[in-house]
Amino acid sequence: MSVLVGDTDVEALGAQEVVDLVLDRFHPQVALACSFQKEEAVLLDMVLTREPQARVFALDTHVLFPETYALWREVG
């Protein structure tokens, strides 16, 4: 099953191409949910490199590692 954004089959794209497509089509109405895990750290870098004003949010469970909070403060 294909996932389409407009006429584009997103399944056939690389990660940066998906980020570019989403930002081109939906910014500023789109936001990245970030848990500061490895995958989100990569996506966070890709998104903020492309669009420094992109919206990013995280849910604070109050049980994150101190290093996670430090990174969150640095990025925010």
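Where is Glu11 found in relation to β2 and α1? Glu11 is found in the loop between β2 (8-9) and α1, where helices and strands are DSSP runs numbered from the N terminus (H or I of at least four residues for helices, E of at least two for strands). The structure is a predicted model, in which local features need pLDDT of at least 70 and side-chain atom pairs count only at pLDDT 80 or more, while totals for chains, interfaces and linings use all residues. Residues are numbered from 1 along each chain as its sequence is written, and side-chain values use heavy atoms, with hydrogens and water left out.

- Glu11 is exposed, with a relative accessible area of 55%; buried means under 20% relative accessible area, exposed over 50%, and partly exposed in between, with a 1.4 Å probe and protein chains only.
- Leaving aside residues up to four places away in sequence, Glu11 touches Met1 and Val3, contact being defined as heavy atoms within 4.5 Å.
- From C-alpha to C-alpha, Glu11 and Met1 are 9.0 Å apart in space, and they are 10 residues apart in sequence.

**The crossing of α1 and α2**

- Two packed helices are described by the angle between their axes and the distance between the axes.
- The axes of helix α1 (residues 15-26) and helix α2 (residues 38-50) come within 10 Å and cross at roughly 50°, where axes are lines fitted to C-alpha atoms, for helices over the stretch in contact, and angles run from 0 to 180 degrees between N-to-C directions.
- The helices α1 and α2 are therefore oblique to each other, given that angles under 35 degrees count as roughly parallel, over 145 as roughly antiparallel, 65 to 115 as roughly perpendicular and the rest as oblique.
- On the α1 side the contact is made by Ala15, Gln16, Val19, Asp20, Leu23 and Asp24, and on the α2 side by Leu43, Met46, Val47 and Arg50.

**The aromatic cluster**

- Ring pairs link Phe36, Tyr69 and Trp72 into a cluster; rings of Phe, Tyr and Trp (its six-membered ring) pair if their centres lie within 6.5 Å, and planes under 30 degrees apart count as stacked, over 60 as edge-to-face and the rest as tilted.
- The count by this rule comes to two aromatic pairs.
- In one of them, Phe36 and Trp72 have ring centres 5.6 Å apart and planes at 35°, so the pair is tilted.
- Because Phe36 lies in the loop between β3 (31-33) and α2 and Trp72 in helix α3 (residues 66-75), this pair ties together parts that are 36 residues apart in sequence.
- Tyr69 and Trp72 form a stacked pair, at 6.2 Å centre to centre with 5° between the planes, and both lie in helix α3, three residues apart, about one turn of the helix.
- Phe36 is buried, with a relative accessible area of 14%, whereas Trp72 is partly exposed at 25%.

**Backbone features**

- Most residues other than glycine have a negative phi, and most peptide bonds are trans.
- Phe36 has a positive phi of about 65° although it is not a glycine.
- His62, found in the loop between β4 (55-57) and α3, has a positive phi near 65° and counts as exposed at 65% relative accessibility.
- A cis peptide bond with omega of about 10° joins His27 and Pro28, and Pro28 is found in the loop between α1 and β3.
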